[in-house]
Amino acid sequence: DLKVSLSEQLLFEGTEALEFREYELAHKKLSELVAIDPSHQAGLVKLAELEFRRTNYDVALVHANTVLRMDTYHSGANYIAGISYRAKNDHLNALESLGWAARDIKYRSVAYAQMAEIYVADKKFNNAKVYANKAIDFNTYNVNAREILLILNRLVQDLSLIHISEP
C-alpha cells in the first residue's frame, strides 16, 4: 500500500485543477499546501503561476522569490519572476530572472524570446537580434522570436542586420 502525504496530495490536486482550468479550486488547494508547508517549492511555483494568470504580479513575485531564496537557480521560479517583473516594466530584474530561467532547456527558447522583446522595447536592437536568434536556435518554430526579427528589420530598415534562417 502506497500512502501519499497530504502535501503531495494537495500538490497533485492543485496541479490537476490548473490543468483543467479550474483556477479557484487550484488556488484553494495550492494555498492550503503552502499553509501546511511554506517551503514547498513546487507548490509555491504553481501558486506564483496562478497569481501571474490573475495579474497579481506582486503576489506572484512574493511566491517566486520565496522559492528563489531557497534555490537561486530554480528555473520555474526564475521564469515566473522574469515575466512578472516584465509585466511590471522592471526590465533589469526581468532580464536577470529570464537569463537564469534560460539555463533550463524547458524555458530556454521562450526566455530568450522574452529577453529579445525587452531589448526591442529598450531600443537595444543588437541585443534583441542576438536573443531572438538564440531563441530560434533552440526552437526553430518560435514564432515570437521570428516576429522580433521581422520587427527589427522594419525598425532598422537594413536587411543585412537581420538574418532569418529557414526551418
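This is a predicted model: local features need pLDDT of at least 70, side-chain atom pairs count only at pLDDT 80 or more; totals for chains, interfaces and linings use all residues.

Me: Why is Glu 51 called buried?

Reply: Glu 51 has a relative accessible area of 5%, and buried means under 20%, so the label applies to Glu 51. Glu 51 sits in helix H3, residues 41-53. Setting aside residues up to four places away in sequence, Glu 51 touches His 27, Asn 56, Val 59, Ala 60 and His 63.

Me: What makes the pairing of the side chains of Glu 51 and Asn 56 a polar contact?

Reply: Their side chains are joined at 2.7 Å, and the cut-off for a pair of N or O atoms is within 3.5 Å.

Me: How do you know that His 40 counts as buried?

Reply: The same test works here: His 40 has 10% relative accessibility, and the limit is under 20%, so His 40 counts as buried. His 40 lies in the loop between helix H2 (23-36) and H3. Beyond its neighbours within four places in sequence, His 40 contacts Ser 7, Glu 8, Leu 11 and Leu 33.

Me: Why is H8 called roughly antiparallel to H9?

Reply: The axes of H8 (residues 125-138) and H9 (residues 143-156) cross at roughly 150 degrees and come within 8 Å. Angles over 145 count as roughly antiparallel, so H8 is roughly antiparallel to H9. Residues making the contact include Phe 125 and Ile 136 of H8, and Leu 149 and Val 156 of H9. By type, the contact residues divide into 11 nonpolar, one polar and two charged. The crossing of H8 and H9 is left-handed.

How values were computed
Residues are numbered from 1 along each chain as its sequence is written. Side-chain values use heavy atoms; hydrogens and water are left out. Helices (H or I, at least four residues) and strands (E, at least two) are DSSP runs, numbered from the N terminus. Buried means under 20% relative accessible area, exposed over 50%, partly exposed in between (1.4 Å probe, protein chains only). A polar contact is a pair of N or O atoms within 3.5 Å; within protein, one must be able to donate a hydrogen and the other to accept it, and residues adjacent in sequence count only if both atoms are side-chain atoms. Contact means heavy atoms within 4.5 Å. Axes are lines fitted to C-alpha atoms, for helices over the stretch in contact, and angles run from 0 to 180 degrees between N-to-C directions. Angles under 35 degrees count as roughly parallel, over 145 as roughly antiparallel, 65 to 115 as roughly perpendicular and the rest as oblique. A crossing is left-handed if the near helix is turned anticlockwise from the far one by less than a right angle, and right-handed if clockwise. Ala, Val, Leu, Ile, Met, Phe, Trp, Tyr, Cys and Pro count as nonpolar, Asp, Glu, Lys and Arg as charged, and the others, Gly among them, as polar.
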